[in-house]
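We'll go from stop to stop, picking a few residues at a time.

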Amino acid sequence: MTPPPPSEPVPGGGPFRILFVCTGSICRSPIAERLTQLGLSRRLAGYESGRIELASAGTWGHEGALMEPFAAEVVREFGGDPEDFRGRELQDEHVAEADLVLTATLDHRAHVVSMGHASGLRTFTLKEFTRLVGVVDGSAVPDGDLVERGRFLVRAAAALRGRLAAPGPEWDEVADPYGSPLTVFRACASEINTAIDPMLTALTARTGM
């Protein structure tokens, strides 16, 4: 089916909202948010990009803070844009509005789930979600609208979670680089980007350029 031109509304209701969560909202979650935005821009036409909304917050978020300088630097090194970012404290409405919550660690995931809003089936660590989505049969994912694809993948990952445990307790986590040298931030960003890329390929049915 030929996609509608940019001037026409895209059917399917509201966008698919992804929320990234870490501790301070100035390192891991903004890196993930901006690298995801970069990955989407390489896969989607302009009118499609509005079908997915990205945000980030921290369980002890520095409200209104700029991205940590090394975090901003590694985002630029990957080709992303760290500008106009402001940290946020995680609030109930952030969780309630998200279709998918991706956290840096298992503790962050537990914090989100403890907030309620029926979030347990749509909250994963970033690496956990990528690991689970990686075994979903691609032919079973619905074609067409990105929101429909995203919600299907969330349900599929939730169904697989109890059957596909991680090899170790830290396997699905991204360690906090705060206070570390630039080399550690580069390694953290590379780890995050490695997790993001196959997730976006599954979500959009397109590989990055």
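Before the first click, a word on contact: two residues are in contact when they have heavy atoms within 4.5 Å. Helices (H or I, at least four residues) and strands (E, at least two) are DSSP runs, numbered from the N terminus. This is a predicted model, where local features need pLDDT of at least 70 and side-chain atom pairs count only at pLDDT 80 or more, while totals for chains, interfaces and linings use all residues. Residues are numbered from 1 along each chain as its sequence is written, and side-chain values use heavy atoms, with hydrogens and water left out.

**Stop 1: helix α3**

Select α3 (69-77). Its buried residues are A71, A72, V74 and V75; buried means under 20% relative accessible area, exposed over 50%, and partly exposed in between (1.4 Å probe, protein chains only). They span an arc of only 165° around the axis, so they sit on the same side of α3. That arc is taken from the directions from the helix axis to the C-beta atoms. What lies over these buried residues? The cover includes α1 and α8.

Now look at the two ends. At the N-terminal end, E68 caps α3, with a side-chain oxygen 2.6 Å from the backbone nitrogen of F70. Just after α3, G79 takes a positive phi of about 100°.

**Stop 2: the aromatic pairs**

Rings of Phe, Tyr and Trp (its six-membered ring) pair if their centres lie within 6.5 Å; planes under 30 degrees apart count as stacked, over 60 as edge-to-face and the rest as tilted. How many aromatic pairs does a search of the whole structure find? It finds 2. In one of them, the rings of F70 and F185 have centres 5.7 Å apart and planes at 70°, so the pair is edge-to-face. F70 lies in helix α3 and F185 in helix α8, so the pair ties together parts that are 115 residues apart in sequence. F70 is partly exposed, with a relative accessible area of 30%, whereas F185 is buried at 0%.

Next, select F124 and F129. Their ring centres are 5.1 Å apart and their planes are at 50°, so this pair is tilted. Both F124 and F129 are buried.

**Stop 3**

Not counting residues up to four places away in sequence, F129 touches L100, L102, F124, L153, V154, A157 and M199.

Zoom out to the largest nonpolar core, which has 47 residues. A nonpolar core is a set of buried Ala, Val, Leu, Ile, Met, Phe, Trp, Tyr and Cys residues joined through side-chain atoms within 4.5 Å. I18, I52, L102, F124 and F129 have the most contacts inside the largest one. Elements giving two or more residues to this core include β1 (16-22), β2 (52-58) and α7 (146-161). α8 gives the most, with 11 residues. For a second, separate core of 9 residues, select A57, L90, A98 and M115, which are among its members.

**Stop 4: two cysteines**

Pick C22 and C27. The sulfur of C22 is 6.8 Å from the closest cysteine sulfur, in C27, too far for a bond; a disulfide needs a pair of cysteine sulfur atoms within 2.5 Å. The structure holds 0 disulfides. C22 is buried at 2% relative accessible area, and C27 is buried at 4%.

Methods: A polar contact is a pair of N or O atoms within 3.5 Å; within protein, one must be able to donate a hydrogen and the other to accept it, and residues adjacent in sequence count only if both atoms are side-chain atoms.
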